[in-house]
Amino acid sequence: MLNAIYKGELTHPRRGIIGTCDLCGEDVKPRCGKINVHHWTHKNLSKCESSDWHEPETPWHKYWKYSFGDGKYEQIINKGDEKHRADVRTTKGVIIELQHSSISPEVIKLREDFYGEKMIWVIDASKYTFVRLEVNTFWYDWSKDYSLKKNEQHFRWDYPLRSWREVRRPVFLDIGDEKMYLVRKGMMGYNRGIVAVYSKHNFFKHYGADLKYYMTNWELMYEKVAKCLYGPKMLDALKKI
Ligand SMILES: [Zn+2]
């Protein structure tokens, strides 16, 4: 997690301080290494960090979360005796779950049951071979209507995310470009399907997030990675291409 309570306030991790988890109340340590995103981790193995409700923070998570601003990300949701930390709850009360790693159908169901109807998934799909098809291809099951609406496109991917077949909430794919791809209902987990394409600008605006913050930090991070890989001279040369 990116925030913990320190001196009564939600605080980003930094070296030398011990925080308190706002969900379970246990002590959390800052992890401020050079490679991973700075985050808090429980001193002892905790329910909060079970894989059903938690995945390791990546830069992708971090910049997505922060772009919604304080008070919107890592929000604790209570339901009866149960409480969990949602990745984002927008001002309109929409839960956004950000998913980078693979996830089982059971965990998908568990989270959807808990967060209810007013929820969407955003998947980091940049690592998958997701291809938008410019031309309609003949893969039709003629008993179904696969005709395209105005902003829709066919897609295929080489390794479909089968564990997502039973997903019941809207799934948006972030493939790392300037668009967001909403997979048409019933088409997650199959080799081919249809996506509705939205601009990232409109998506961020609609859900009250700051796209400029996201893009700036994302690009800076890429630059840092490139610097490590190629060194500054090579990077300057690449920029001129
Ligand atoms: Zn905790």
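Domain bounds come from an automatic or database domain assignment. This is a predicted model, in which local features need pLDDT of at least 70, side-chain atom pairs count only at pLDDT 80 or more, and totals for chains, interfaces and linings use all residues. Residues are numbered from 1 along each chain as its sequence is written.

**View 1. Domains of the chain.** The assignment gives domain 1 (1-49), domain 2 (53-209) and domain 3 (212-241). The centres of domain 1 and domain 3, taken over C-alpha atoms, are separated by 29 Å.

**View 2. The two faces of helix H2.** Helices (H or I, at least four residues) and strands (E, at least two) are DSSP runs, numbered from the N terminus. A residue is buried if 20 or more other C-beta atoms lie within 10 Å of its own, exposed if 12 or fewer, and partly exposed in between; C-beta atoms are placed from the backbone. H2 spans residues 105-115, with Ile108, Arg111 and Tyr115 buried. Down the axis of H2, the buried residues fall within an arc of 70° (directions from the helix axis to the C-beta atoms), so they line one face. Glu106 and Asp113 are exposed, on the face turned away from the buried side.

**View 3. Cover and end of H2.** Strands E6 (73-79), E7 (82-89), E8 (95-99) and E9 (119-124) are among what covers the buried residues of H2. Just after H2, glycine 116 has a positive phi of about 80°.

**View 4. Strand E14 and its partners.** Two strands pair if DSSP finds at least two bridges between them. E14 (residues 192-199) pairs with E11 (residues 152-157) in the antiparallel sense, over five bridges. E13 (residues 179-183) also pairs with E14 in the antiparallel sense over five bridges. Alanine 196 in E14 stands opposite glutamate 152 and opposite leucine 182.

Note on methods. Two residues are in contact if their C-beta atoms, placed from the backbone, lie within 7 Å.
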